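The sequence and the coordinates are shown first, and the description follows.

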Amino acid sequence: MSMCHYNVQNDKIMDLTQKFGKRIVFERAKRDLTQEQLAEMADLSRTAITSIERAKTSATLETVEKLAKALGYEPHELLIFKNLEI
């Protein structure tokens, strides 16, 4: 794998991580929840929520599932960014 391809792929992953983080901030704010409240609802730590929202870490599939359930979505719905102002 060339270094150029690797960098492009990393940029796409980072873009997705950032979009997902912004989506979680949007959904949490829409429900007037604190990070701590969402963390409790999703059985995650507040630190995990902070890291995801700031795009410091990528959410695992298990975490996406927990967040989706806490927010009333199917997991795939949290990954739809089209027409969402975030």
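## Largest pocket

In this predicted model, the largest share of the lining of the largest pocket comes from α1, which gives four residues. The volume of this largest pocket is about 170 Å³. Eleven residues line the largest pocket, and those closest to its centre are Leu 16, Phe 20, Ser 58, Ala 59 and Leu 79. The elements that contribute two or more residues to this lining are α1, spanning 3–30, and α4, spanning 61–71.

Sorted by class, the lining of the largest pocket consists of eight nonpolar and three polar residues, with no charged residues. As background to the search for such spaces, rolling a probe the size of a water molecule over the atoms shows where empty space is left.

## Overall architecture

The secondary structure of the chain amounts to four helices and zero strands, and the order of the elements from the N terminus on is α-α-α-α. The chain has 86 residues, of which 31% count as buried.

## Nonpolar core

The largest nonpolar core comprises 16 residues, and those with the most contacts inside it are Phe 20, Ile 24, Leu 38, Ile 49, Leu 67, Leu 71 and Leu 78. At least two residues of this core are supplied by each of α1, α2 (35–42), α3 (46–53) and α4, and the largest share, five residues, comes from α4. In general terms, nonpolar side chains tend to be buried together in soluble globular proteins.

Which residues of α4 are buried? They are Thr 63, Val 64, Leu 67, Ala 68, Ala 70 and Leu 71. These residues lie on the same side of α4, because the arc they cover around the axis is only 165 degrees. The face of α4 turned away from this buried side carries Leu 61, Glu 62 and Lys 69, which are exposed. The residue that follows α4 is Gly 72, and its phi is positive, near 80 degrees.

In α3, the buried residues are Ile 49, Thr 50, Ser 51, Ile 52 and Glu 53. Ala 48 also lies in helix α3, but at 24% relative accessibility it counts as partly exposed. Between Ala 48 and Gln 35 there are 9.3 Å in space, C-alpha to C-alpha, while in sequence the two are 13 residues apart. Just after α3, Ala 55 adopts a positive phi of about 60 degrees.

## Salt bridges

How many salt bridges does a search of the whole structure find? The search finds six. As a general principle, side chains of opposite charge can pair when their charged atoms come close.

Glu 27 takes part in a salt bridge with Lys 30, in which the closest N and O atoms are 3.2 Å apart. Lys 30 and Glu 27 are separated by about one helical turn, because they are three residues apart in helix α1. The side chain of Glu 27 also meets that of Arg 31 in a salt bridge, at 2.6 Å, N to O. Glu 27 is buried, with a relative accessible area of 1%, whereas Arg 31 is partly exposed, with a relative accessible area of 29%. Through salt bridges that share partners, Arg 23, Glu 27, Lys 30 and Arg 31 are joined into one network.

Technical notes:
Residues are numbered from 1 along each chain as its sequence is written. This is a predicted model: local features need pLDDT of at least 70, side-chain atom pairs count only at pLDDT 80 or more; totals for chains, interfaces and linings use all residues. Side-chain values use heavy atoms; hydrogens and water are left out. On a 1 Å grid over the protein atoms alone, a cavity is a set of points where a 1.4 Å probe fits but cannot get out, and a pocket is an open set with protein on both sides within 12 Å along at least five of seven lines; lining residues have an atom within 4 Å of a point. Grid points are joined across faces, edges and corners, and a volume is the space filled by probe spheres set on the points. Ala, Val, Leu, Ile, Met, Phe, Trp, Tyr, Cys and Pro count as nonpolar, Asp, Glu, Lys and Arg as charged, and the others, Gly among them, as polar. Buried means under 20% relative accessible area, exposed over 50%, partly exposed in between (1.4 Å probe, protein chains only). The arc is that of the directions from the helix axis to the C-beta atoms. A salt bridge is a side-chain nitrogen of Lys or Arg within 4 Å of a carboxyl oxygen of Asp or Glu. A nonpolar core is a set of buried Ala, Val, Leu, Ile, Met, Phe, Trp, Tyr and Cys residues joined through side-chain atoms within 4.5 Å.
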